[in-house]
Amino acid sequence: EEQHHVPYKVYFIVWGALLVLTAVTVGISYVDMKNVTVLTAMLIAATKAMLVLLYFMHIRFQRPLYSVMILAAMMTYGIFVALTFVDYLYR
């Protein structure tokens, strides 16, 4: 399988984006956004996970089958999280 060489600059940009997103997550924890605080934090966490998967785990350069499998796993996880929140709301 062919090796893909990613410049270090890309890794530093992604690392910087992860740091900024972490700071945003901490910042929104202090803002009273009522019911959407957790949803916002989860969306930021999903974005950070996507960056790690694509660049640090090199999924961006793999065969499409790997992306489909990761997408299926993430959708399954999303369903379980959604069902957990639905259960919590009706208690």
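This is a predicted model: local features need pLDDT of at least 70, side-chain atom pairs count only at pLDDT 80 or more; totals for chains, interfaces and linings use all residues.
Residues are numbered from 1 along each chain as its sequence is written, and side-chain values use heavy atoms, with hydrogens and water left out.

Start with helix 2 itself, residues 37-56. Helices here are DSSP runs (H or I, at least four residues), numbered from the N terminus. Its 20 residues should span 28 Å at 1.5 Å a residue, and the end C-alpha atoms are 28 Å apart, which agrees; the expected span is 1.5 Å times one less than the number of residues. Just after helix 2, His 58 takes a positive phi of about 60°.

Now look inward. Thr 37, Ile 44, Leu 51, Leu 53 and Tyr 55 are the buried residues of helix 2 (buried means under 20% relative accessible area, exposed over 50%, partly exposed in between, with a 1.4 Å probe and protein chains only). Their cover includes helix 1 (8-29) and helix 3 (64-89).

The largest nonpolar core has 7 residues: Val 14, Leu 18, Leu 21, Ile 28, Ile 44, Leu 51 and Tyr 55. Such a core is a set of buried Ala, Val, Leu, Ile, Met, Phe, Trp, Tyr and Cys residues joined through side-chain atoms within 4.5 Å. Helix 1 supplies its largest share, 4 residues. Beyond its neighbours within four places in sequence, Leu 18 is in contact (heavy atoms within 4.5 Å) with Lys 48, Leu 51, Val 52 and Phe 56.

Val 52 sits in helix 2 and, at 31% relative accessibility, counts as partly exposed.

Key:
Helices (H or I, at least four residues) and strands (E, at least two) are DSSP runs, numbered from the N terminus.
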